[in-house]
Number of protein chains: 2
Amino acid sequence: MAQGGVYDYTVSQYVVDFSGEATWTSLLNYILEAAGDDADRNGFGVTDLNAGNCSWVLRRMAAEITRRLHRSEEFSVRTWVSEVNRTGTVRNMTVTGSDGCVVAQAVTQWAVIDVERRVALDLRGRVDCSYAIVDEPSPIAMPARVGIVEPTRIREYEVVYSDTDFNNHVNAIRYMVWMVDTLPMEYVAGRQLRRIDVNFLHEAVHGQRLSIGFEAGEKSLFAIDDENGTTLCRAALEWK
Amino acid sequence: MAQGGVYDYTVSQYVVDFSGEATWTSLLNYILEAAGDDADRNGFGVTDLNAGNCSWVLRRMAAEITRRLHRSEEFSVRTWVSEVNRTGTVRNMTVTGSDGCVVAQAVTQWAVIDVERRVALDLRGRVDCSYAIVDEPSPIAMPARVGIVEPTRIREYEVVYSDTDFNNHVNAIRYMVWMVDTLPMEYVAGRQLRRIDVNFLHEAVHGQRLSIGFEAGEKSLFAIDDENGTTLCRAALEWK
């Protein structure tokens with residue numbers, strides 16, 4: 001029976017914000033890093049899939065954060081696959097801080113796409129990751145669908161070289177960085193994130209001019225649109 | 001006799017670009033991370049200095065890159081102090097890749113500032129790091145002064161939350177990320193950096209609107225100016 005994998009990291013001094021604690025976007029970055037490391041270790045990572053002209057894409061993500069990590073803190077991310085079906089996988093993560101307490105939990109939904117055509121593929125016969133399934137439920141509720149956003153604040157942004165990684169792919173965390181950077185500083189400074197739900201709808205590409213829209217309310221809602229008004233990503237943030 | 005310190009890292013999957021190799025800005029980030037880790041270990045790190053209301057600032061930096069690191073590559077950064085004087089220190093770094101070969105070398109010049117007043121301080125009586133001096137010269141030529149830049153391409157940029165770290169300080173590497181993101185993609189894609197010289201003149205702050213100017217020539221020159229035309233940072237990049 002598969003057990004999942006545990007990956008150790010140390011908080012880089014460059015991912016802390018003015019408070020001296022790691023940004024929540026950097027925590028989510030470590031979470032996705034662990035998912036990638038684990039898929040690599042299990043033989044169905046991006047490199048393995050690229051050999052067959054496929055790649056993983058993140059469809060939806062939810063995370064709940066109990067406390068932020070501090071500068072130079074050693075922590076671990078445990079990750080396991082809880083579901084594999086025709087259209088994708090569910091991968092889960094639990095982050096444990098240096099005090100032995102769970103500081104964050106996440107659940108992510110992934111699909112496989114054809115790298116050239118950027119369309120979703122049927123996993124069957126292409127990627128076998130069923131042997132990695134762990135009989136353990138997701139630690140938090142599945143990512144919610146985020147509906148239409150009516151922005152009260154909009155920031156224009158052009159996708160640059162440093163937003164992209166392998167395959168000219170924009171790193172999923174960048175969308176969330178663009179969102180948090182759209183908020184007024186006093187808004188960020190006065191709040192701790194409790195839960196985030198993100199829906200990735202279409203990929204952003206280098207050179208694209210985006211509108212990052214923010215709607216304040218009980219939850220902070222975000223929508224990232226391209227020049228043609230197509231929504232690429234939506235998110236709902238719930239603060240403590 | 002001090003020996004300097006060696007710090008081990010693994011290339012994160014999120015710091016590679018379209019080529020699958022780590023960006024040179026991420027390599028410089030690891031270099032500065034090692035300098036910070038080493039200063040911490042020696043008792044004159046940012047945390048130690050902050051207790052006395054002081055902090056290190058990077059004045060000038062030069063780096064030469066032989067080859068870029070690849071995704072998930074394990075590498076080490078050796079760092080040592082070669083000089084301490086009234087106004088600051090010289091810290092050096094040598095990066096060794098998983099093949100045992102030197103892939104990059106750097107030399108950095110640091111000063112101590114008063115955190116509140118943001119002015120340079122005399123190290124004497126404040127910070128003792130003379131015991132860390134290693135009798136070994138810098139591995140490459142000291143950072144050169146970069147003169148006036150006459151931009152042929154200008155990008156406007158507003159400093160956001162994610163550009164800052166502890167003390168609301170803009171991470172030194174961000175200035176270089178802003179520069180590389182000002183270049184056309186085909187310019188970045190077709191070139192490998194050989195050497196960079198950076199002069200940090202004034203600090204950028206959150207919310208500031210900057211102009212990032214690029215002058216093409218034998219070397220790629222950059223100047224980052226604030227709204228008042230004050231130059232905050234200049235750099236000269238030499239390609240292979």
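## Helix contact in chain B

In this predicted model, W24(B), T25(B), L28(B), N29(B) and L32(B) of α1(B) are in contact (heavy atoms within 4.5 Å) with A172(B), I173(B), M176(B), V177(B) and V180(B) of α3(B). By class, the contact holds 8 nonpolar, 2 polar and no charged residues; Ala, Val, Leu, Ile, Met, Phe, Trp, Tyr, Cys and Pro count as nonpolar, Asp, Glu, Lys and Arg as charged, and the others, Gly among them, as polar.

The axes of α1 (residues 24–41) and α3 (residues 172–180) of chain B come within 10 Å and cross at roughly 175 degrees. The helices α1(B) and α3(B) are therefore roughly antiparallel (angles over 145 degrees, on a range from 0 to 180 degrees between N-to-C directions).

## Positive phi in two loops

S72(B), not a glycine, has a positive phi of about 70 degrees. S72(B) sits in the loop between β2 (54–65) and β3 (74–85) of chain B and is partly exposed at 35% relative accessibility (buried is under 20%, exposed over 50%, partly exposed in between, with a 1.4 Å probe and protein chains only).

R118(B), also not a glycine, has a positive phi of about 55 degrees. The loop between β5 (102–114) and β6 (153–158) of chain B holds R118(B), whose relative accessible area of 31% makes the residue partly exposed. Helices (H or I, at least four residues) and strands (E, at least two) are DSSP runs, numbered from the N terminus.

## Relation of the chains

## Conventions

Residues are numbered from 1 along each chain as its sequence is written, chains are lettered from A and ligands numbered from 1 in the order in which they are written, and side-chain values use heavy atoms, without hydrogens and water. Local features need pLDDT of at least 70 and side-chain atom pairs count only at pLDDT 80 or more, while totals for chains, interfaces and linings use all residues.

Key: Angles under 35 degrees count as roughly parallel, over 145 as roughly antiparallel, 65 to 115 as roughly perpendicular and the rest as oblique.
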